[in-house]
Amino acid sequence: MSYTSHEQAKKDILEAGRRLYARGYVAANDGNISARMEDGTVWATPTGVSKGFMTEDMLVHLTADGKVLEGSWKVSSEIALHLAVYRENPSLGGLVHSHAPAGTAFASQGRDFDMAVSIETAVQMGVIPCAPYAVTGSPKLAENAAVYCKEYNGCLLEHHGVVTWGKDVEQALFRTECLEHTVIMYEHMLGLGEVRLLSEEQLDELDTVRAKFGITTGGRPKGRA
Ligand SMILES: [Zn+2]
């Protein structure tokens, strides 16, 4: 899906920014959010401002290859990643990038998060791959993340942060929340001394639930042997 209303796209970006900031998923000027219109153009957040306190006039309207159509603010340095993902998967309408602390801490491990720690993890997220490190804002980072945008719901960026996408900005944001919540639960499990995952039989049942909800992305995380 993509947006048909510019007003709705901009409203969703501002609201996602407020929620990212309120939840502590971004500090200072971190993070960026975008929405894609049905004509292929993209609304994106500016660089250098807190995402919790943006106003509509700060948003930048771009062509699919990044030429500015509207807006006087400098667009996010990570815009190449957003545009690469939209190019790769035309069914997406929203993307959220943040430095949500638990997800970002796990991303420093440089490995996929593939454990079925909760029902929501297994049903809504599946496996969360980790895109190999590349310099922030680089075409290489965009390329490393975009390869996951058809099969998965988001990915970790090694030593950097997390990115999630969806049919609109709200779904992308929900996936960031689910990802972060998943990693926090995993950390709590570590604190309890045992990471007890869902069993493979339970995951078999949840595959049916996923099918019923029409969820085809994310793959199946590992369960308890
Ligand atoms: Zn970042």
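Predicted model: local features only at pLDDT ≥ 70, side-chain atom pairs only at ≥ 80, totals over all residues.

Which residues touch the most other members of the largest nonpolar core?

Modeller: The largest nonpolar core holds 38 residues, and I13, I33, M54, F113, L156 and V169 touch the most other members. Two or more residues come from each of α1 (6-22), β1 (32-36), α3 (101-107) and α6 (169-192). Helix α6 gives the largest share, eight residues. In soluble globular proteins, nonpolar side chains tend to be buried together.

Take L156 now. Beyond its neighbours within four places in sequence, L156 is in contact with a list of residues that includes G103, F106, A107 and F113. Also among its contacts are I128, P129, C130, A131 and L179. Another core lies apart from the largest one, with 25 residues, among them L62, Y86, A145 and L157. L156 has a place in the sheet as well: its bridge partner in β8 is V162. V162 is also on the contact list of L156. Strands β7 and β8 pair in the antiparallel sense over four bridges.

Next, F113. Its relative accessible area is 0%, so F113 is buried. A search of the whole structure finds five aromatic pairs. In one of them, the rings of Y21 and F53 have centres 5.1 Å apart and planes at 70°, so this pair is edge-to-face. Y21 lies in helix α1 and F53 in the loop between β2 and β3 (60-62), so the pair ties together parts that are 32 residues apart in sequence. Y21 has a relative accessible area of 36%, so it counts as partly exposed. F53 has 55%, so it counts as exposed. F113 and Y186 also form an edge-to-face pair, 5.5 Å centre to centre with 90° between the planes. F113 sits in the loop between α3 and α4 (119-125), and Y186 in helix α6, so this pair ties together parts that are 73 residues apart in sequence. Y186 is buried, because its relative accessible area is 10%.

I13 takes us to helix α1. The helix has 17 residues, which at 1.5 Å a residue should span 24 Å; its end C-alpha atoms are 24 Å apart, so the two values agree. I13 is one of its buried residues, along with A9, K10, D12, L14, A16, G17 and L20. These buried residues pack against β1, β2, β5 and α6.

Five of the five residues of β1 are buried, so the strand is largely enclosed by the rest of the structure. In a regular strand the side chains alternate between the two faces of the sheet. Both faces of β1 are covered: N32, S34 and R36 are buried on one side, I33 and A35 on the other.

How is β1 placed in the sheet? The sheet is open, has eight strands and mixed pairing, and runs in the order β4-β3-β2-β1-β5-β8-β7-β6. Strands β4 (68-70) and β6 (130-131) stand at the edges, each with a single partner strand, so one side of each is left without a neighbour in the sheet. Strand β1 pairs with β2 (residues 42-44) in the antiparallel sense over three bridges. There, R36 stands opposite V42. The two strands form a hairpin with five residues between them, and G40 in the turn has a positive phi of about 90°. With β5, strand β1 pairs in the antiparallel sense over four bridges. The bridge partner of N32 in β5 is H97.

H97 brings us to the metal. The protein donors of the zinc ion are H97 (NE2), H99 (NE2) and H160 (NE2), lying 2.1 Å from it. Along the chain the donors follow the spacing H-x1-H-x60-H. H97 lies in strand β5 (residues 94-98) and H160 in the loop between β7 (154-157) and β8 (161-166), so the pair ties together parts that are 63 residues apart in sequence. H97 has 2% relative accessibility, so it counts as buried. H160 has 13%, so it counts as buried too.

Key
Residues numbered from 1 in each chain as written. Heavy atoms only, no water. Donors = N, O, S within 2.8 Å, 3.2 Å for Na, K, Ca; no water. Buried < 20%, exposed > 50% of the residue type's maximum accessible area, 1.4 Å probe, protein only. Core = buried A, V, L, I, M, F, W, Y, C linked by side-chain atoms within 4.5 Å. Contact = heavy atoms within 4.5 Å. Pairing = 2+ DSSP bridges. Phe/Tyr/Trp six-rings, centres within 6.5 Å; stacked < 30°, edge-to-face > 60°. Expected span 1.5 Å × (residues − 1).
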